[in-house]
Amino acid sequence: MADVLGDAGGGGTKATKLPIPGKRNILITSALPYVNNVPHLGNIIGCVLSADVFARYCRLRGYNAIYICGTDEYGTATETKAMEEKCSPKEICDKYHKIHKEVYDWFGISFDEFGRTSSSQQTEVCQEIFGKLLENNWLSENTMLQLYCDTCERFLADRLVEGICPTPGCEYDSARGDQCEKCGKLLNPTELKDPRCKVCQTSPRIRDTNHMFLELPLLRDKLEEYINKMSVAGSWSQNAIQATQAWLKEGLKPRCITRDLKWGVPVPLERFKDKVFYVWFDAPIGYVSITSCYTNEWEKWWKNPENVELFQFMGKDNVPFHTVEVWRYYLLANRPEVSDTLFTWADLQAKLNGELLNNLGNFIHRVLSFIAKPLGQGYGSIIPDAPNADSHGLTLGLAEKVGKYVDQYVESMEKVKLKQGLKAAMAISSEGNTYLQTSQFWNLYKADKPSCNIVMRTSTGLVHLLACLLEPFMPSFSDEVFRQLDLPLERRISLCEEKGDIERAKQPWKTLPSGHKIGTPQPLFKELKDEEVELYRDKFAGSQAQRIVKAEAEKLAAHLKKTNVSGSEKKQQAKSSSGRKPKAAAGGGAVEAGITITRLDIRVGLITKAQKHPDADSLYVEEIDVGEAQPRTVVSGLVNYIPLQEMQNRKVCVLCNLKPASMRGIKSQAMVLAASNSDHTKVELVEPPKDANVGERIKFPGFEGEPEDVLNPKKKVWETLQVDLAINTEGVACFKDIPFNTSAGICKVPSITSGSIW
């Protein structure tokens, strides 16, 4: 089995495929995306896109391959989301499964089956596996203490309980049953003071409840033997190996596989009739059950290890645009095969304009548009004959280089090194551009027509080859190139070893027949301009939830604008600066009246320790003294801007009352303030004076008041105020031209002027 960690339909009706004796049979799965939200770019690359590229490559090679995926639909998160949206869990799953499918269709994902874990097949397979575990004595039954709500008549999941945090000095009154969002301490629901049911607000009581446990310690030897063997044989990624070894190193413990919920696969035991399987027990079984939806003979795929290779693409944890060629390419070029990557609009612009437009698109359009020119200027859209191509020196040199890149492409793709495969294919395009420039075909056309014929026929062969090699990465791009070549899709090179396709690909002058008439050439990519980047950056800023709130606020504002203001409202409007409208929060959301800078708890902090995040290359994890009994843990995306040694033992400005958030598995309890220049190419920390007291609050003369304990994200306090935080022309950090003040002086940045603070 090959396991790809850290990586991530389309098509019409297809014939069901089963393993074929003597052929290479490949079963491909990708991590099942959870159904209660809209997929984002990380989901796309991590869950489905990488697997789709490999599936398309396998088909290109003539392998007998199927690609299976679907939505993960059971669990507490779905029940909670259903309560938020005032509907049933099934309605939530129906809604978001449809959204997921539409997004993946837009990206051209070629699933053979995209199913759901709420199917009857899931129940059947899940209960059957449970029965086998029971027969083999790998399960145990234990009693647990859990909060029970008599009003709702149900045991409460951790996130359905709130109460007072038991941590001394914290006592936050809305701490969740699993963790306090103010101090970050991990909790059990029974530890909360004055717990209350989040649904009905009544006080639950502690009750015994019995659950089934999977005895993982009994399986340790089998697991280690399997992992040691298959991580090598299956060429597991380094991410996969490290994550698995870390899990084993912590020690395997019995894992509870049942829950007191309604939404899930029922446990097939009479004494557990009111319980369902825990989502992390039933979800992995979804791969099997979705295959059983694809074919009743699913066991031939899953119980046939001698004849079937299993490739699993697993993630670590709907953005519309003008063209899907671009998004697939960008995500795959930045694919995290070893570590995490960070999306930036500037990087997208550079890859689109530099690699797709100026390299790939430029080569193809130069070749086809010259072929399409009328006779006397070009070839009248007819591919010329080139009888002496195999003795043309420049062309033979090109063929040698192309051959090496084709071999590199195949080797990389076979090892699921998709980014390297993409790089090899794009290198062929670069060689094509060099070939055209060196040949000076525009001069050859009049001075040496036979040589020009060779160059142009060879170049059209390269165009065809690029469309084939890049089809797994950018299928709609390839479809368009074949349309411009006026070739049906079945004329693609299959790259089948037994047919000699790979060797023929190394002689591009033989690819397309002379006398073939091409279609109408069109530019394949459009330049992404600076003003468009700014438009998209603004339009898609913030989270999806923030954008939804922003859209609703804009609708409300538009409605209010049309509504007449009467009576006292008119008088109040006249008093308020001639009826000026309140400012909208950046990132969306209606702005609460009276938001001032005093609501932010910005303090002088001292970084006592900084290190790289263990699971994210772009993030630091810092321990920062902000004048409390214990330092706070803070996660910052500064790796690409500030060296690690410069993060040690320095004073910084810290926003201390943001709602804590988990970043790649580590809870960040505050935010370090940094500044960037106008084009965001330079980032520096906002620095208090060296003599400022650790823990003292940053003051803004003219503004008085106490900060909130924890900012309510729904009120958009930080988003509203952040737009007025800036670095002035003298490098001083300011709020509306008022400097950040401490007892020892103002706060500055080392060199940036006229920048923004975030």
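This is a predicted model: local features need pLDDT of at least 70, side-chain atom pairs count only at pLDDT 80 or more; totals for chains, interfaces and linings use all residues.
The side chains of Glu-73 and Arg-116 are joined by a polar contact of 2.8 Å. Glu-73 sits in the loop that runs between strand S3 (64-71) and helix H2 (76-84). With a relative accessible area of 0%, Glu-73 counts as buried, because the cut-off for that term is under 20%. Setting aside neighbours within four places in sequence, Glu-73 is in contact with Tyr-34, Val-35, Thr-78, Cys-93, His-97, Arg-116, Thr-117, Ser-118 and Trp-263.

Thr-167 lies in the loop between strand S7 (161-164) and strand S8 (175-176). Its relative accessible area is 18%, so Thr-167 is also classed as buried, the limit being under 20%. Leaving out neighbours within four places in sequence, the contacts of Thr-167 are with Cys-183 and Lys-185.

Now the protein as a whole. It has 758 residues, of which 50% are buried. Its secondary structure consists of 21 helices and 29 strands.

In soluble globular proteins, nonpolar side chains tend to be buried together. In this model, the largest nonpolar core contains 125 residues, and Ile-28, Leu-360, Tyr-409 and Leu-470 have the most contacts inside it. Helix H15 (residues 449-469) contributes the largest share of this core, eleven residues. Beyond its neighbours within four places in sequence, Tyr-409 is in contact with residues including Tyr-57, Leu-60, Ala-424, Leu-469, Phe-473 and Leu-495. Gly-421 and Pro-472 are also among the contacts of Tyr-409. Another core, of 26 residues, lies apart from the largest one; among its members are Ile-602, Leu-655, Ile-698 and Leu-725.

The last stop is a sheet. Five strands make up an open sheet with antiparallel pairing, in the order S17-S16-S15-S18-S21. At its edges are strand S17 (632-636) and strand S21 (671-672), each of which pairs on one side only. Within the sheet, strand S15 (residues 602-612) and strand S16 (residues 620-625) run antiparallel and are joined by six bridges. For Ala-610, the bridge partner in S16 is Glu-622. Ile-602, named above as a member of the core of 26 residues, falls within the residue range 602-612 of strand S15.

Methods:
Residues are numbered from 1 along each chain as its sequence is written. Side-chain values use heavy atoms; hydrogens and water are left out. Helices (H or I, at least four residues) and strands (E, at least two) are DSSP runs, numbered from the N terminus. Buried means under 20% relative accessible area, exposed over 50%, partly exposed in between (1.4 Å probe, protein chains only). Contact means heavy atoms within 4.5 Å. A nonpolar core is a set of buried Ala, Val, Leu, Ile, Met, Phe, Trp, Tyr and Cys residues joined through side-chain atoms within 4.5 Å. Two strands pair if DSSP finds at least two bridges between them. A polar contact is a pair of N or O atoms within 3.5 Å; within protein, one must be able to donate a hydrogen and the other to accept it, and residues adjacent in sequence count only if both atoms are side-chain atoms.
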